[in-house]
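I opened this entry to record what I looked up concerning charged side chains.

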Amino acid sequence: MTETGERAEAIERAGPPSPDWQPLQPQTLVDHAIEAIIAGAAAGLILPGDRIVEVELARKLGVSRVPVREALRLLESQGVVVSEAYKGIRLRPVTNERVADLIEARIALEASATARAVTAGRNRGSHLDELRSAVSEMELMAARGSAYGVAVADTRFHRALCQLGGNSVTLDLWETLAPQCTIIFGLATFGKPMAGVVEEHVDLLAAFEAGDIEEIARTLDDHITVMNHAMDYEAIVAQRRRERDA
C-alpha cells in the first residue's frame, strides 16, 4: 500500500474529528493589547472620547509601545479608536446617533442571517449548542457582575446567529462591527440590570428555535432596536465619567 493509501486508511479508521475540540489559536502581544483595550472600554475603565496615550497604556499593560501601537492601528481600522491631528488617539465617542446607525446595520445583517438559518433548518438540535453556551456564559458573568464578561458573551451569541446563517459575507460584515458592539454591550449594562440582558437573549433563543421567521424578526427588532433606543448612551457615559473622576 502506498503512503497516501495508508494515510487515508488511518484517517478512515479514526473517523471524523470530534466537534467538541477546537485547536487553540496562539495570541500575540498585539492580540492581548486589543483585548485589553476593548475590555477596558466595555468595563468603563476608559470611556468614549478619552484620550489613549500610547506610552501610558504600554506601561499599564506591562509591554513595550510596539504592540500597543499596532493594536491601536488595527482598532482604528475597525472604528474603535479615532486619530485626530493635534489631539492624538481617542476612544471613539459613543453618541445616541452612532448607536442608532450601528443598530440599523446589525438588524439588516442579523435578520438576514436568522431567516437563512431557519430556512436551512439550522435552528434546532446541536446547531443551538453555541447559542445556549453563550447564554449560560452570560448568566454566569451577570451573576459575577462583570460588564465585560456579559458583553463578550453577548457578542458571542450574536456572532453565532450570523454563523448559522451560512453567508460568509454577512459574517465578515458583522465582524467589522463586533468590537464596537462589545463596547456598547458593556456600556448598556450600566443602564439596565444584567439579568434583563440575559432574559432578552433567552427570549430571542426561544423565538429562533420555534422557527417563525416573522416572530424572530419582531423579537430581534425588540431586542436590538427598541431596547437600545430606550437607552441614553450619552447620559450613561457622562454618569460613568462623573463617578470615575469624582
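I took helices as DSSP runs of H or I of at least four residues, numbered from the N terminus. The model is predicted, with local features needing pLDDT of at least 70 and side-chain atom pairs counting only at pLDDT 80 or more, while totals for chains, interfaces and linings use all residues. Residues are numbered from 1 along each chain as its sequence is written, and side-chain values use heavy atoms, without hydrogens and water.

I looked up salt bridges (a side-chain nitrogen of Lys or Arg within 4 Å of a carboxyl oxygen of Asp or Glu) and found 16 in the structure. One joins the side chains of Glu-175 and Arg-159 at 2.6 Å, N to O. This pair links distant parts of the chain, 16 residues apart: Glu-175 is in helix 8 (residues 168-188) and Arg-159 in helix 7 (residues 147-165).

I then looked up charges over rings (NZ of Lys or CZ of Arg within 6 Å of the ring centre and within 35 degrees of the ring normal). Arg-240 lies over the face of Phe-190, 3.9 Å from the ring centre.

Definitions and conventions. Helices (H or I, at least four residues) and strands (E, at least two) are DSSP runs, numbered from the N terminus.
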